[in-house]
Amino acid sequence: MADGGIVVPLVGALQACVSVLLTMSYGVAAQRLRLIQESSINDMAGLGVKLFLPALIIINLGEQLQLGNALNYIPVLIWSILYTCASVGLAYFVSKGLKLPPWVTPACAFNNTTSLPLLLLQSLESVGSLKPIIKDGDTESKAISRAQSYFLLCAVVSKTIGYAVGPKLLQDGNESTNTEDQEADGTDPETQNGTTEHGQVDEETSLLPQRAIRHGAQRISSMLPKRIRQRLMAPFESPFADVAIGCTIIGVILGLVPQLHKAFFNKYEDGGIFNAWLTSSVKNIGKLFTTLQIFVVGCKLGVSFEKMKTSGDSGRMPLKAIGTIFLVRLVIWPALSISIVYGLAKKTNIVLTDPILWFSLMLMPAGPPALVISGLAELARISELEKMAIAKSLTAMYVLSPFICFSITGALKASQAALEQRNST
C-alpha cells in the first residue's frame, strides 16, 4: 500500500473504534445478564471519577509535562477553551433554529473528552496506526502517553466550562428558578444527578466534597457583585471541577519543577526515589480509569434499555435530534478542526512541531456526547418521555460512534501531510 493510501489507516481506525464499542457492549451484556446491579454500576462510576481519574491526571501530566515541552500545552489550553465555547454557541443556535428540545443543546455542545478518546488512543497503539506521524527519536508508546496528557487537559477545560453553562442551556429561554436556586445554595447539576432518583452517577459525575480550592476562589470572588460572582464561581461549585483543577495543578508542578520531576518520574538509579513505589502505585490505579469507565457507560446504557422496556410507551425515536447531534459532533466539528489545525500546522508555528499534538487537537472536538446530559435533564425536571428520548439518543450516538474512524483517518492523513510539507521546506 502506498504511503498516500487511506485504506490501511481507515481499517486501523475502524478496528480501534470497534474495540471501544465491544468494550462498551460487554458492559451492556453484564447488566442485562444481571452480573452487576445498578447500585454497583453507580459505585463503579463514582470510584472511577473520585479516585482513578485524579490519579491519571496527576501521573500523565506530571510525567509528560516538562520545561522542554511546556509550550506544547499552551495550544491545547487555548484550543480547548475556543472550541468548547464555539460548540456551546453553535449548539444553541442550531437547537433554536431547528426547534429541538433543550437537552439537545448540551448534547451537541459537550462531547466525551475522557474515557472514549483515551481508550481509542490505546487501541490505535495496538494496531500501530500512528506510526506515520511518529518523528525520529520518538516512540509510539511515548507519543500515545503525550496525547493522553493533551486530552486530559482538554477534558478539565471542557468540563469546567460545561458546569458553568450547562444548566443555563437547559432553561430554554425561561428564567427558571431551579437553576437560580442551585446557584444560590452551591448545588451542582452533577452533584444533584448523583443524588436524585437512584443515586446515579456517570463518567462525568462529581468527585469529592468541598476543598480548599473552592474556598480560596470564593474568598477572592467575594469582592465582586453577587450576579457576577455566581457566574464566575459556577465551575468551582462543581466537585469535579475543583478536584480536576487541583490535580492538574499538582501534575503541572510535578512536571515543571525539575527536582520534583526527577524524584517522582526518573528511574531509581537516576534519582527517582519515589518512582518505584509511590508513583508506580498511583499510575496503577490511574490505568484502571479508561477501560472501567467505558465498561460503565455500557452498563448504564443497559440500564436505559431496561427502563425503556419496563416503561411501556417510551415514545418514538427522536430522529431529528439524533441526526443533528451526529452532524455536529461527528461531521461538522471534525471537518472544521482538521482543516483549522492542518492550516496552522502547515503554514505557522502556532501549534509547534509535534505531529501528535496536531493529531490530538484535530480529534478533541469529535465524538459522541458525554453522559452528563442525563444529569442536566434531571435538573430541568423534564417528562419521563423526554428522559427516554435522551436515553435513546445516547444509545444511538454510541452505536454510531465507530463513524469517528473517518475523523481519525482524516486527522492522521492531515497530520502526515503537514509533517511532510514542513520536512520538505
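Which residues of helix H12 (residues 258-265) are buried? Keep that in mind for the second view; this is a predicted model, where local features need pLDDT of at least 70, side-chain atom pairs count only at pLDDT 80 or more, and totals for chains, interfaces and linings use all residues. Residues are numbered from 1 along each chain as its sequence is written, and side-chain values use heavy atoms, with hydrogens and water left out.

**View 1. The whole protein has 19 helices and zero strands.** Helices (H or I, at least four residues) and strands (E, at least two) are DSSP runs, numbered from the N terminus. Of the 425 residues, 55% count as buried, meaning under 20% relative accessible area, with exposed over 50% and partly exposed in between (1.4 Å probe, protein chains only).

**View 2. Helix H12 and its buried residues.** They are His 261, Ala 263, Phe 264 and Phe 265. Seen down the axis of H12, these fall within an arc of 170 degrees, so they line one face of the helix; the arc is that of the directions from the helix axis to the C-beta atoms.

**View 3. Ser 126 in helix H5 (residues 115-127).** Ser 126 is exposed, at 62% relative accessible area. A polar atom of its side chain sits 2.6 Å from the backbone oxygen of Ser 123. Glu 140 is 14 residues away along the chain, and its C-alpha atom is separated from that of Ser 126 by 9.8 Å.

**View 4. Leu 77 in helix H3 (residues 73-98).** Here Leu 77 is partly exposed, with a relative accessible area of 38%.

Definitions and conventions: Polar contact = N/O pair within 3.5 Å; in protein donor to acceptor, adjacent residues only side chain to side chain.
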